[in-house]
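Hi everyone, thanks for coming. Let me put the structure up on the screen, and then we can walk through a few parts of it together.

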Amino acid sequence: MKVDPAMLRDLLDERLPRAQVRAIQSAYKDADRFDKYVAILQQRVPWPEPIVLPFGEHLYIVAKGAGRYVIKCDCGQELGDYRSNWKLEALINVRATPAELAEIYPEKMHGHPDYNSLREYFCPGCLTLLEVEAVPPGYPVIHDFLPDLEGFYRDWLGRELPGGPA
Amino acid sequence: MSARGAIGWEGQSLLAMLERSEQLLAATGRYQGLEELTLKRSDPIRYEKLFSRLRGGLVSARETALNISASPIVKEIGELCFALYTPEGDSVALSTGIIVHVHTMSDAIKYMIRQRYEENPGIAPGDIFTNNDAMIGDVHNADVQTFVPIFWESELVGWAAGVTHEIDIGAKTPGSVPIGPISRFEDGIDLPARKIGSHDELWRDHVLAGLRGTRTPMYWTLDEKTRLAGAHMIRDAVERVIAQEGVDVYKRFIREVIEDGRRSFQARLREMTVPGRYRAPAFSEVPFAKEAQLPSYARRDTLMHAPLELRITREGMLELDYDGASAWGHHSCNCTPSAMQGAIWVQLTQLLICNDKVNDGAYLALRSNFPPGTWSNHSNPQCSTGIAWSFLIPSFTGFVKSISRALQARGFVEEVLAPYGLTANAFQGGGIDQYGRQSATTNFGLSCVGGGAKMILDGLDYAAAMWNPEGDMGDMEMWEMIEPFLYLSQRVKPNTAGPGRHRGGSGYECLRLAWSTPFYEMQNIGNGYCFIQAGLWGGYPAATGYRHNIRGSDFLDLIQARAPYPQSEPDPGASELAAGIAGRHDFDIEATTLPEVMAHGDLYLSIYRGGAGLGDPLERPYESVMADIAGGFLLERYADSIYGVVPGDPQATERRRGELREHRRAKAVPVREWMKSERERILELDMIEPVQRMYAESMRLSERFARELRAFWELPEEFEFPVATPEVELSKAMLAGNAAEGTREASP
């Protein structure tokens with residue numbers, strides 16, 4: 001289905017009627033979606049570095065030049081090399097007591113802190129909640145996603161990484 | 001070889017055909033070594049029509065045959081599926097329904113071929129076979145499969161197969177997902193790939209054995225007829241296609257369509273995802289320390305670790321790896337590779353191949369690792385898999401989460417989903433029903449829990465099941481006919497959905513009154529101690545559940561006195577049921593329990609879970625939060641603490657959200673700083689035994705996991721959790737024994 005940039009913008013901003021969303025979901029995908037999506041996101045961020053890969057809500061992998069790629073929040077905060085776990089550069093709050101968990105869930109609906117707690121990861125710049133983990137005590141910080149940027153660009157998109165080889 | 005001679009193509013045995021097929025795949029990477037899809041290329045319309053006719057035959061078989069069944073979970077809920085296979089057991093096409101079994105049935109056919117069923121007991125036109133053995137190819141005993149060979153002249157041209165989910169499987173405890181078994185000898189009726197009929201008729205001894213083996217004989221026997229009728233309809237459809245198109249075209253088609261499925265899947269991966277490594281561990285619990293009737297080795301609490309790692313390679317392969325998973329256990333939640341591979345199907349068809357040809361082609365484009373000795377591949381012939389779903393469902397929450405990261409990176413925001421809800425509670429039991437008859441039930445209200453939040457929409461409320469794309473809770477009136485429990489209420493359960501910019505789909509609750517039964521064993525099955533999986537990008541996990549069972553209640557006295565009575569429990573922190581009903585309240589987070597008797601007048605609250613959230617809750621629109629309160633999805637006091645919403649005042653909401661962000665700044669600490677204290681906690685072993693045992697099992701079963709854990713926390717090289725892991729040692733001894741004997745029992 002042809003999804004033009006204006007339609008994609010509306011889809012992203014949740015302005016499309018449900019029937020149209022459903023039609024987009026059911027149709028074959030538009031081959032150039034990635035470039036259209038990145039173009040929209042690029043217009044919306046307040047910084048100039050080219051977005052190489054959208055990386056979840058608020059985060060992006062951007063090209064810093066000379067083959068350096070970092071994870072960056074839309075507020076401008078940078079969170080390290082894309083091959084590292086950005087969470088290690090974030091702020092964290094751990095909900096590990098019944099009282100802390102009870103701010104989110106009613107009594108008897110938040111599990112037991114001995115079994116697992118909630119780890120909230122915030123952007124140090126804008127304090128947006130970027131990820132939540134629900135893990136037992138002592139679990140390593142989860143490295144959710146390590147993209148193969150080179151493979152994606154060269155082998156799948158058929159072009160070089162915008163900021164030079166990583 | 002039987003007197004009939006080989007039944008494969010061109011005089012080959014089936015085993016020779018299977019081995020040739022596997023050799024060609026290994027050598028070329030392509031199904032049957034096909035380079036060109038000549039039929040598709042030369043006559044694409046004919047090719048598509050062929051697929052449509054076979055697919056239509058399968059869907060028609062399902063929709064027609066289910067009317068034979070009397071079981072509500074088959075007839076109303078649609079817990080059945082049909083599929084067509086090549087002679088070697090590769091799926092060509094499938095119907096709608098519980099498509100997890102497309103691959104499990106493939107495993108069962110290949111088992112029969114490898115065990116030389118062609119020679120003994122023989123495979124002839126009109127024969128009927130069955131299987132429900134998870135080590136051979138299944139999830140658990142309750143999923144019963146029927147196979148019918150399809151012949152054209154003297155050659156086997158394929159297999160028609162069907163599966164139904166039985167409402168009771170005659171296990172140690174009642175129901176279709178029995179929580180009671182601690183070994184496979186308690187899992188119920190056992191049908192390890194057996195021949196059960198000839199000349200299109202079921203053998204009487206098999207029929208009678210089934211009637212005697214289950215608590216629900218009528219459902220059992222009608223389900224069997226359902227499967228057989230559907231399989232025969234598929235056979236008829238295939239024979240019609242061959243009569244019109246010619247057998248050579250049919251043979252070519254079933255080869256090409258699987259290779260087409262493989263190529264199509266790889267193309268879809270390239271089109272919609274990003275190569276790389278994705279991780280999303282999940283957890284679940286088996287709280288059995290309280291269960292006094294269990295033997296000592298099973299009477300303990302267990303935390304399950306499912307460290308899902310998904311890798312998408314540059315070459316377009318999908319690799320699913322559970323290296324680091326914790327051990328199997330003396331409970332019924334263990335899985336086999338066949339079950340795990342089946343679950344991949346359910347996920348792929350709903351995430352990546354939802355609008356293309358679905359068959360074993362996709363299977364050929366993925367690799368999986370389910371390490372022996374872990375719960376994901378117990379490799380222990382004595383191990384129970386009665387409620388394998390109890391681990392299978394949580395463990396695959398990471399799959400949807402990981403694929404969604406890829407979908408968002410490519411811009412397919414309309415497809416992004418946060419993790420689905422756990423399909424629990426299982427309102428399940430058995431005993432004497434309201435008609436004085438032996439009965440059992442598994443209420444499929446659990447097939448309508450909350451779906452995961454989407455990137456552009458809230459999750460589906462009380463309408464989703466991970467394992468059945470067509471989730472349906474059935475009618476209360478129908479359940480009341482087969483269960484000696486009346487519905488006092490069925491309504492939205494507030495705060496079950498995981499919060500987020502988009503919240504997860506909501507769960508719901510039912511309050512049931514035991515009615516006219518002197519004895520009905522009831523259990524609870526679900527998560528009460530731990531969340532199974534967090535949401536995406538700031539979305540929180542769905543709430544955990546709890547149990548509230550009231551025995552010896554004064555409810556009927558209240559009715560007699562025409563006094564008002566509570567009908568629900570929107571807030572367990574201020575329970576009207578606890579305050580308004582006298583009796584023995586089991587009201588706690590023990591959400592998984594072995595059966596205990598209930599009788600006329602007792603009450604059972606069944607809580608169905610929500611889905612996980614997506615995005616920072618402080619970004620949820622004010623109007624959406626207000627709608628949640630008005631709709632009963634959110635208790636009003638949580639509008640502030642989760643969402644920063646001041647009801648009735650959008651301006652004050654903005655100020656409040658600013659305050660909460662500052663509160664985050666004041667409370668949060670740099671991760672690296674927090675890691676120092678968490679490291680000390682590990683070194684001091686400041687965690688409960690089940691958590692330590694989970695880590696110890698994972699470390700002893702996976703050198704890589706042990707190495708990574710020690711490296712992450714900068715622990716000494718010799719660091720270990722000093723707890724016993726008897727199942728790990730047992731597995732290692734068994735696997736070593738298997739290796740010494742040169743058997744392949746561990747990997748069916």
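Let's start with a question: how are helix 1 of chain A and helix 3 of chain A oriented to each other? Keep in mind that this is a predicted model. Helix 1 covers residues 5–12 of chain A and helix 3 covers residues 33–44, and their axes come within 10 Å and cross at roughly 65°. Angles from 65 to 115 degrees count as roughly perpendicular, so helix 1 of chain A and helix 3 of chain A are roughly perpendicular to each other. As for handedness, their crossing is right-handed.

Which residues meet there? From helix 1 of chain A we have A:Pro5, A:Leu8, A:Arg9 and A:Leu12, and they meet A:Lys36, A:Tyr37, A:Ala39 and A:Ile40 in helix 3 of chain A. Sorted by class, that contact has six nonpolar residues, two charged ones and no polar ones.

Strand 6 of chain A, residues 117–122, pairs with strand 7 of chain A over six bridges; one example is A:Glu120, whose bridge partner in strand 7 is A:Val132.

Chain A puts in 62 residues and chain B puts in 73. On the side of chain A that touches chain B, strand 7 of chain A gives the most, with six residues. By class, that side of chain A has 35 nonpolar, 12 polar and 15 charged residues.

One last stop, in chain B. Is B:Ser69 buried or exposed? B:Ser69 lies in the loop between helix 3 (44–65) and helix 4 (72–75) of chain B. With 20 or more other C-beta atoms within 10 Å a residue counts as buried, and B:Ser69 has 23, so B:Ser69 is buried. Leaving aside neighbours within four places in sequence, its contacts include B:Val74, B:Thr164 and B:Leu222. B:Leu222 is 153 residues away from B:Ser69 along the chain, yet their C-alpha atoms are separated by 5.1 Å.

That's my tour, and I'm happy to go back to any of these views.

Definitions and conventions. Residues are numbered from 1 along each chain as its sequence is written. Chains are lettered from A and ligands numbered from 1 in the order in which they are written. This is a predicted model: local features need pLDDT of at least 70, side-chain atom pairs count only at pLDDT 80 or more; totals for chains, interfaces and linings use all residues. Axes are lines fitted to C-alpha atoms, for helices over the stretch in contact, and angles run from 0 to 180 degrees between N-to-C directions. Helices (H or I, at least four residues) and strands (E, at least two) are DSSP runs, numbered from the N terminus. Angles under 35 degrees count as roughly parallel, over 145 as roughly antiparallel, 65 to 115 as roughly perpendicular and the rest as oblique. A crossing is left-handed if the near helix is turned anticlockwise from the far one by less than a right angle, and right-handed if clockwise. Two residues are in contact if their C-beta atoms, placed from the backbone, lie within 7 Å. Ala, Val, Leu, Ile, Met, Phe, Trp, Tyr, Cys and Pro count as nonpolar, Asp, Glu, Lys and Arg as charged, and the others, Gly among them, as polar. A residue is buried if 20 or more other C-beta atoms lie within 10 Å of its own, exposed if 12 or fewer, and partly exposed in between; C-beta atoms are placed from the backbone. Two strands pair if DSSP finds at least two bridges between them.
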